[in-house]
Amino acid sequence: MTFLGTLEVGPQGLGCMGMSQSYGVGDEAESIRTIHRALELGVTLLDTSDVYGPFTNEELVGRAIADRRDQAVVATKFSLADPDRRPRGDAPYVKQACEASLRRLGVDHIDLYYQHRVDPTVPIEETVGAMAELVAEGKVRHLGLSEAGAATIRRAHAVHPITALQSEWSLWSRDIEESVAPTCVELGIGIVPFSPLGRGFLTGQVKREDLGEDDARRNLPRFVGDNYDHNLRIVEALRSLAAERGVTAGQLALAWVHHRGENVVPIPGTKRVKYLEENVAAASIELSADDLKAIEDATPDAAGERYSPELMRLSER
């Protein structure tokens, strides 16, 4: 097992967003089978949010764990599901959002409750203070932030211990390494990398021409135009290195994330048992310092921003 702060979880979590949105048509039966198989394999951290769907992903996760709640570490998030589609962190909204998530999940407490994006109009002290009251009431066990900057993390942690910071981290998204990740290590905060496989791109299985009209990746900067062609070089390098080790490109990319530190628990997302099992196997791949350097030296920096300019403004770094 692994610890995010004082929260015990498996060495890898499961991102559940794609079961309900963004990556094409969902299959609830297969998604629930995937969650059940994850728990069987020791993947205890299940990650969702009120904005996924919106709302329907929490309901799906709730149905999946209804008869096995004690096996799951449920993580969900708030702040982006406001009808105005802006981050919210005011105290009344924090409490309102938590009550709604508890109902949708069908649970009496949330194991890890994140602010999904920082509200620039509300002091983080107010937001975390309201979250801390939820802990005191027994509705939440641990607190987290998502895509927060180092200064915000410090201010939040001074109000109430922050257990985990969720941010994008992969071979093509390494900007948290400058100040955010070191701050988390210093404060004893776990890191939960989302999209550790670059939204599937680093597996080499995602082709631009195969993305359906309902797939949000069609419009992400790294998946379009010359950026896409440039980023294929990352996949080609991974494929070559992975073949030498008898693993897939995706497994090698995910193993690299697993080697970022003892406090790191990536949450690759999938809605299929097959890919879940492949991802879980990556946690057992041993990489030496020389292996890690070879991977980093062979993979060029990604071309294009992670999101559109509007969405990038919601992320602190």
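Me: This is a predicted model. At what angle do helix α4 and helix α5 pack?

Reply: Two packed helices are described by the angle between their axes and the distance between the axes. Here α4 (residues 124–136) and α5 (residues 150–159) pack at about 40°. Their axes lie 9 Å apart. The pair is therefore oblique. The crossing of α4 and α5 is right-handed.

Me: Which residues of α4 and α5 make the contact?

Reply: From α4 come Ile124, Glu125, Val128 and Gly129. From α5 come Thr152, Arg155, Ala156 and Val159. By class, the contact of α4 with α5 holds 4 nonpolar, 2 polar and 2 charged residues.

Me: Now the other helix pair. At what angle do α1 and α2 pack, and how far apart are their axes?

Reply: Helix α1 (residues 28–40) packs on helix α2 (residues 56–65) at about 55°, with the axes 9 Å apart. That makes α1 oblique to α2. The crossing of α1 and α2 is right-handed.

Me: Which residues of α1 and α2 meet?

Reply: On the α1 side they are Glu28, Ser31, Ile32, Ile35 and His36. On the α2 side they are Leu60, Val61, Arg63, Ala64 and Ile65. The contact of α1 with α2 divides into 6 nonpolar, 2 polar and 2 charged residues.

Me: Backbone geometry next. Which peptide bond is cis?

Reply: Most residues other than glycine have a negative phi, and most peptide bonds are trans. The bond from Gly53 to Pro54 is cis, with omega near 0°. Pro54 sits in the loop between β4 and α2.

Me: What is the phi of Phe55?

Reply: Phe55 is not a glycine, yet its phi is positive, about 75°. Phe55 is also found in the loop between β4 and α2. With 32% relative accessibility, Phe55 counts as partly exposed.

Me: Where is Arg199 found, and is Arg199 buried or exposed?

Reply: Arg199 is in the loop between β9 and α7. It has a positive phi of about 55° although it is not a glycine. At 9% relative accessibility, Arg199 is buried.

Me: Is Asn219 buried or exposed?

Reply: Asn219 is exposed, with a relative accessible area of 66%. Asn219 lies in the loop between β9 and α7 (225–245). Asn219 and Ala100 are 119 residues apart in sequence and 31 Å apart in space, C-alpha to C-alpha.

Me: Last one. Which residues does His258 touch, leaving out those up to four places away in sequence?

Reply: His258 touches Pro11, Gln12, Pro266, Ala282 and Ala283. His258 belongs to helix α8 (residues 249–258). At 13% relative accessibility, His258 counts as buried, because the cut-off for buried is under 20%.

Key. Residues numbered from 1 in each chain as written. Predicted model: local features only at pLDDT ≥ 70, side-chain atom pairs only at ≥ 80, totals over all residues. Heavy atoms only, no water. Axes fitted to C-alpha atoms, helices over the stretch in contact; angles between N-to-C directions. Helix = DSSP H or I, 4+ residues; strand = E, 2+ residues; numbered from the N terminus. Parallel < 35°, antiparallel > 145°, perpendicular 65-115°, else oblique. Left-handed = near helix turned anticlockwise from the far one by under 90°. Contact = heavy atoms within 4.5 Å. Nonpolar A, V, L, I, M, F, W, Y, C, P; charged D, E, K, R; others polar. Buried < 20%, exposed > 50% of the residue type's maximum accessible area, 1.4 Å probe, protein only.
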